[in-house]
There are 2 protein chains.
Amino acid sequence: MALYLIGLGLCGVKDITVRGLELVKNSDYVFMEYYTSILGVDVEELSKFYEKEIILADREMIENDFEQKILEKAKTQKVSLLVVGDPFSATTHIDLYTRAIQSGVKIEVLNNASIMNSCGITGLSLYRFGETVSIPYFTATWKPCSFLEKIVKNIACDYHTLVLLDIKVKEISEENLCRGKKIYEKPRFMSVNIALEQMLEAESQLNTGKISEDTLVVGVARIGSPTQKIISGKIKDLIKCDFGTPLHSLIVCAPTLHCMEKDMMEFYRTENVEKREAEKI
Amino acid sequence: MALYLIGLGLCGVKDITVRGLELVKNSDYVFMEYYTSILGVDVEELSKFYEKEIILADREMIENDFEQKILEKAKTQKVSLLVVGDPFSATTHIDLYTRAIQSGVKIEVLNNASIMNSCGITGLSLYRFGETVSIPYFTATWKPCSFLEKIVKNIACDYHTLVLLDIKVKEISEENLCRGKKIYEKPRFMSVNIALEQMLEAESQLNTGKISEDTLVVGVARIGSPTQKIISGKIKDLIKCDFGTPLHSLIVCAPTLHCMEKDMMEFYRTENVEKREAEKI
């Protein structure tokens, strides 16, 4: 019959589109992928809102059992696969999309907001972003710094950089992996603070001379939710700010800012954010 | 009371989010901005779906009368401002956002899909895009080529370029402008074909040596709609393809493609698209 690849947006059960909700309600099976990102709601709440059972699809199922567990069903029935944010902000889903088409399964994609466009609320022009980078959690022995090279390349082009922060869900520790024990670690979501610390650490390794404590950055948390937090400032200032619960992301500003971008960086400076919050109370 | 800045997504009345629809239905006034882009539905259909009167806000109202006509109402009542695509893919809306906050009006933003993330369906990694460029309609005497310089800069960085194509809505011809006559021209939407012709013309002016008839590009039309069309190929091949009705956009590929990107460019080659379409019939 059909496979619906449905983006859920960034926050809350009601960020799904009206058409998306109709398709979910009409589906025989509803899968939800839950490893690439998290939504500000739990699965039970979603399930209640949809009046449907939701089958969680973890990394293993998506990567290994897609044909058998999802696509096979979609040949004769209506199947929804829910994805937090937008379906095509991750390459995994492009792969699923082509595999569905190649199997002759009708597939429909429902786009939605993702961090890649909703970060436009910072006032930094979405047109001026270069390559998007990801910062992985450093360990004692593994400190990959290639993300910094990409940021520096964007700086040289006078582009902003969206920096996505590491998420560890359903990870198995090296120790348990060696012992063959399938014990999952507690989920971890990298904070703006850790990301900035790692950026400075990477700079001290690579000595690019392009990143310092005075580099202008914007930290964002829980974009699109009622508790979203956006603060701009130098790395040395933001490294001390509390952004609260996940998800966090980071933007490294281009060296030159347009007129309105400058105004917006002023608008989101800690002092101004605090002043507006105080006025509200 | 409140101003709701609501993204409508790319196609059809049902691309609004569930929360967005609730807010529209509860609004005292519903404005819709209709100059930066078009949606694949007409305003009457939207109005019927919302069971609300929709007040069209053209460029003049948005830029000149925002305070008086929209913000003033939002101080005491609930006002929705509908925007095709995502609210923050255009800088105008950032300006409205800050003006609302500075006037003490509570503002809520509802993100949605825009061409900037939905073009991910091409299989080109959204992480690898550089600056977004816009191609304006050339006239006999005005042929600005700076867009090509930006594309060439992205090529040098090995980034893809999303190219947005000119839209002329409610334009007044130079002749009528001189005569002081407010007569609007018929709307025009640049096709992939015209965009490619202009790209080659700009290259013949600038002689960058980086763009030729053999450059790999992807043309997209009506992304997200049931009639969406995506074709990849060399400029000389795509320049002859019929992409149908608006809106069209274009992507100029980075010189190096990742493995899956290569597969997807093959997947979207004219011959393969036609073969799949033939199999469907």
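Colleague: How many residues of domain 1 of chain A are in contact with domain 2 of chain A?

Modeller: The model is predicted. In it, 12 residues of domain 1 of chain A are in contact with 12 residues of domain 2 of chain A. The domain assignment gives residues 2-113 of chain A to domain 1 and 116-280 to domain 2. Taken over C-alpha atoms, the centres of these two domains are separated by 28 Å.

Colleague: Which classes of residue make up the side of domain 1 that touches domain 2 in chain A?

Modeller: On that side, domain 1 of chain A has five nonpolar, five polar and two charged residues.

Colleague: How should I read the relation between chain A and chain B?

Modeller: In general, two copies of a chain are related by a rotation about an axis and a shift along it. Here, chain B is superposed on chain A by a rotation of 180° with 0.0 Å of shift along the axis, at an RMSD of 0.0 Å. The two copies are therefore related as by a two-fold rotation axis. Both copies use the same surface, as 100% of the contact residues of chain B recur in chain A.

Colleague: What does chain B contribute to the contact with chain A?

Modeller: In chain B, 41 residues are in contact with 41 residues of chain A. Two or more residues each come from α1 (18-25), α5 (91-102), α6 (115-118) and α11 (259-267) of chain B. The largest share, four residues, is that of α5(B). By class, the side of chain B that touches chain A divides into 17 nonpolar, 16 polar and eight charged residues.

Colleague: How do I describe a helix pair across the two chains?

Modeller: Two packed helices are described by the angle between their axes and the distance between the axes. For α5 (residues 91-102) of chain A and α11(B), the axes come within 11 Å and cross at roughly 35°. The crossing of α5(A) past α11(B) is left-handed.

Colleague: Which residues meet where α5(A) passes α11(B)?

Modeller: From α5(A), T91(A), I94(A), D95(A) and T98(A) meet M260(B), M264(B) and F267(B) of α11(B). This contact has four nonpolar, two polar and one charged residues.

Colleague: Where does T208(B) lie, and what does it touch?

Modeller: T208(B) is in the loop between α9 (192-206) and β10 (216-221) of chain B. Leaving out residues up to four places away in sequence, T208(B) touches L148(B), V152(B) and E203(B).

Colleague: Why is T208(B) classed as partly exposed?

Modeller: T208(B) has 17 other C-beta atoms within 10 Å. A residue counts as buried at 20 or more and as exposed at 12 or fewer, so T208(B) falls in between.

Key
Residues numbered from 1 in each chain as written. Chains lettered and ligands numbered in written order. Predicted model: local features only at pLDDT ≥ 70, side-chain atom pairs only at ≥ 80, totals over all residues. Least-squares fit on C-alpha atoms with pLDDT ≥ 70 in both. Contact = placed C-beta atoms within 7 Å. Domains from an automatic or database assignment. Nonpolar A, V, L, I, M, F, W, Y, C, P; charged D, E, K, R; others polar. Axes fitted to C-alpha atoms, helices over the stretch in contact; angles between N-to-C directions. Left-handed = near helix turned anticlockwise from the far one by under 90°.
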